[in-house]
Amino acid sequence: AWLKPLFARGDAGIDVVVDFATIPLPAAYDAPERTFENNLNIVTNFCDLLRQDYYSLYVHCSSSEALGTALQPMMNEDHPMNPSTTYGSSKAAQDLYIHSFDQMYDIPYLIFRPFNNFGIRQNDKSYAGIIPLVVRRILSGMTPELLGDGRQTREYVYVKDTADAVLRLIENDQARKQVVHIGNGREVEIGYLIKLICDIMNYKGEIHRRPPRMNDVRRHICDNTRLKSFIDYHPQSLESQLPSVVKWFSERITKELDLLYS
């Protein structure tokens, strides 16, 4: 109900809602029930508003976490949903809810499922991603941490490539009522990513090993064949964009630390 005042029905001129709202994965370890319930409520509210014609197209950001660990060499849109956390199950539930809502009410929607995004402006405080976490630890004089053996893999896609793909999918009528994976088609070991960050920052010290995160996904690799059938897609590599991302976080965190200790 709190969303409705934002959508003055009939005269707001809202055509498309692109829904990135989420309680993130790390929060699920602290608040599993709240993470699941809030994420599902986000989608149920937007679907209800769409059914009442408050806007024209619902574009929902899903997550590769809905799939769990890769059960086949490449994870396409037909990969089974096998989430290993309540965050992942909330994203799977969102996708299923949209699909069932469409079966009932024939709604215009698009679900895009990005794999692991990286880029500037990522949250670098509570529930931060691995890149800002490693940068912050190095700049703070602490040892970078590696959870598990470092052989677990993720599929890293530059955030601008994801944004560009989403905008072009919205413009493509053939992508309506589709689930579309967005990724590079290349899996990256976490240990390799941490080493890249250390090299960029000229860090020569040790890397502290800690036990693996509970129920952590072991392997992710995106099949972007369906995406490429809709748009011309040439994503940038992790190695080409990571230096500028590390530089951005380094400057931001350095200023923050200077203020803290001045």
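In this predicted model, the side chains of Lys-125 and Glu-256 come together in a salt bridge, with N and O 3.2 Å apart. Lys-125 sits in the loop between strand S4 (116-118) and helix H4 (130-139), while Glu-256 belongs to helix H8 (residues 238-261), so this pair ties together parts that lie 131 residues apart in sequence. Lys-125 is partly exposed, at a relative accessible area of 43%, and Glu-256 likewise counts as partly exposed, at 27%. The two residues also take part in a network of salt bridges that links Asp-124, Lys-125, Arg-136, Arg-252 and Glu-256.

A further salt bridge joins Lys-177 to Asp-102, at 2.4 Å from N to O. Here too distant parts of the chain are linked: Lys-177 lies in the loop between helix H5 (159-170) and strand S8 (179-182), and Asp-102 in helix H3 (residues 86-105), 75 residues apart. Lys-177 is partly exposed, with a relative accessible area of 35%. Asp-102, at 10%, falls under the 20% cut-off and is therefore buried.

Asp-216 and Arg-154 form another such pair, their closest N and O atoms being 2.7 Å apart. Asp-216 counts as partly exposed, at 23% relative accessibility, whereas Arg-154 is buried, with a relative accessible area of 5%.

Taken over the whole model, the count comes to 22 salt bridges.

Conventions: Residues numbered from 1 in each chain as written. Predicted model: local features only at pLDDT ≥ 70, side-chain atom pairs only at ≥ 80, totals over all residues. Heavy atoms only, no water. Salt bridge = Lys/Arg side-chain N within 4 Å of Asp/Glu carboxyl O. Helix = DSSP H or I, 4+ residues; strand = E, 2+ residues; numbered from the N terminus. Buried < 20%, exposed > 50% of the residue type's maximum accessible area, 1.4 Å probe, protein only.
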